[in-house]
Structures are given as C-alpha cells and as structure tokens.
Amino acid sequence: MAAKRHALLGALLASVFPASLVESAAPPAPAVAEEPVLRVVILGSGTPVPSRTQAGTAILVQAGGDTLLFDCGRGCTTRLAQVDPALLPKIDRLFVTHLHSDHVVGIPDLWLNGWMQGRAGPLRVWGPKGSDAMMAGLRRAFAADIGYRRADGIPANDAGIAPAVSVVRRDGVVYRSSDLQVTAFAVKHGDVPAFGYRIDKGAHSVLISGDTAATPALARYGQGVDVALVEVASPPMAAYVRRSFSAEQAKKILDLHLSAEEAGDALAAMRPGLAVYYHSVTGEAADAALLAATRRRYAGRMEVGRDLMAIEVHADRVVVDPVD
Ligand SMILES: [Zn+2]
C-alpha cells in the first residue's frame, strides 16, 4: 500500500518537477519481501457451533524455522492445507489450551494423517491435565487403523505415531527453541483446567488467551505484546446462548467467557499493538455489535478474526492480511 502511494506521488510529482528533483521523494521499494519475526494465521476463528465459514479454534504461529499450532478444532487440517498443502506432516508441536471438544476434535486427523503424510517423529502435545489420557484414548480408539497401516508398512516409521505429551500444570515456560519461547499461564474457564499461551521471539510477542472469563492473568502476561488474540462472546453470540439454553445454563456458559466489555477492559490493561478477537460468531452485523460494545472500553487497534487471516509481526510494524 505504502509503495503504491509512493509510486502515485512520484508520478504526480514527475509531471510537475524534473526527474532529478523527484527521485528523492519516492524511496525505492525493497527488492525482497522482508520475513516477519512472527506470523500468525487464524486457521479457525469459530465456536462449538458448526459453521460454513468458520472452522473450530486453531491458530498457527510461524517463527523462522518453528511452526507451532495452538488448539486443533474442527476443520483444522483442511485449513492447514489451504495455507500450504505441505504443512500437515511438518506440524509436530501442538499446544492445547483446554480439553473442551471444540479445541481438540481435530487432533485425530492431525495426528494420524500427519503421520501418513510423512511426519517421522511424534506429534508433541502440551496441554492441561487429561491431555495424556486423551492421547492414550485416541491411540486405543484408532488402534484398528494404526494396526492396518503398520501391517502394510505404510507409513514405514513407528515413531510418527508414538505419543509425546507434556502435561502443563502451572504457569511457566513450556517450550524453548533458540530465541523462541512459549509460556503457559492459567486462565479462568469455570472448573475446566485451562491455559493461555504467550509466544516470545526476540523482542516480539503474541498472546493467545485460550477460553477464559475475566482474569488478571491477561494483563499480567499480555502487557505490551505485539498481538493479543483474545476470545470473546460477542453480543449476538450471547443472545444465541440465552435463546438456546435455560437461564441457569446460559449464565453458566456466559460465565466461562469474556463479554465484549470485559474483553475491552482486558485489552485496555494489556495495551497490545494489535488486538484480534477469535472464538466468536462473525458477520457484518455481529462484528459491528461486538466492536461497538468493545469501543466503550478500548480504543486501540483491533480486528475481528476471520479464518485464514494472517498477521505478520515485523521488527517495526504489524501487518494484517484480512484474506478477503
Ligand atoms: Zn472452552
């Protein structure tokens, strides 16, 4: 965009001034696109409710040679293929926020299909207590399929199907790779053990809230991050819950999540470079209602996440590719 503006300005000035005077007004565009420090792709921005446009929660974070996945909801592998068909077998690090099914129901396909497509090492999974039992259960559930494929020797390796679970029990760094680190922090999601994650690469950072109600952990771990991905129950989502469940059930569900106002308060305390909402039903009217409610509490830069929206953190700026 900036390059386009410069070109336009250059053409305009060239029609008025001689070229020798104009050249300095239009800096040349960089020859090679600069690699971002961190690249975040929202694979799934949706809720437990199946949708034509929103897959279940899944967020891809790419940083240099590291490719990390946070949650693996419905449709995760399809969205991965949309980003890059070669990605699936490369995904071998999965960080799970909590064990509600809309965050993990895509794991069997990621785990089994990634192995079939060529992953030669285990899918390493970090997640709250119960993650080890879930992965062991999947192994039992898919024992027949694993047995058939092993008998055929396709794939030829056994390591790709081996379990590798690290149970996250408390706040702290759970993963390190050169200058990249992932920190888990406990959030508040009723009685469900649940974590958010913060990813740091050099001086840059991204926070993923996971599912949470209002908690001081967001301000503590999200202070000044470049990008904060924050869950929210938008006003239309809250209205849907109130319509679809008893008053008591609806209260229980909505108490698990941030209202737009609570999310706005959390963002005002965090002051991220860019805030991105996810885990909510999107659409023109829904987004307008969500932003209007948030704007009463928070004035910073923000986006409503969409499936396949890519966010690039560069040394000096954050760029959003909104997909459409
Ligand atoms: Zn949840």
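**View 1. Residues where helix H9 meets helix H10 in the predicted model.** From H9, Ala 238, Val 241 and Arg 242 take part. Their partners in H10 are Ala 250, Ile 253 and Leu 254. By class, the residues of this contact are 5 nonpolar, no polar and 1 charged.

**View 2. Crossing of H9 and H10.** H9 spans residues 235–244 and H10 spans residues 247–254. Their axes come within 8 Å. The crossing angle is roughly 150°. Angles over 145 degrees count as roughly antiparallel, and H9 and H10 are therefore roughly antiparallel to each other. The crossing of H9 past H10 is right-handed.

**View 3. Arg 242 of helix H9.** Arg 242 is one of the H9 residues that meet H10. Around Arg 242, 15 other C-beta atoms lie within 10 Å. A residue is buried at 20 or more such atoms and exposed at 12 or fewer, so Arg 242 is partly exposed. Ile 253 sits 11 residues away from Arg 242 along the chain. The C-alpha atoms of Arg 242 and Ile 253 are 9.3 Å apart.

**View 4. Buried residues of helix H11 and their cover.** H11 runs over residues 260–270. Its buried residues are Ala 260, Glu 262, Ala 263, Gly 264, Ala 266, Leu 267 and Met 270. Helices among the elements covering them are H8 (216–222), H9 and H12 (284–295). Strands S11 (227–231) and S12 (274–278) also contribute to this cover.

**View 5. Backbone just after H11.** Arg 271 follows the helix. Its phi is positive, at about 50°.

Methods:
Residues numbered from 1 in each chain as written. Predicted model: local features only at pLDDT ≥ 70, side-chain atom pairs only at ≥ 80, totals over all residues. Axes fitted to C-alpha atoms, helices over the stretch in contact; angles between N-to-C directions. Helix = DSSP H or I, 4+ residues; strand = E, 2+ residues; numbered from the N terminus. Parallel < 35°, antiparallel > 145°, perpendicular 65-115°, else oblique. Left-handed = near helix turned anticlockwise from the far one by under 90°. Contact = placed C-beta atoms within 7 Å. Nonpolar A, V, L, I, M, F, W, Y, C, P; charged D, E, K, R; others polar.
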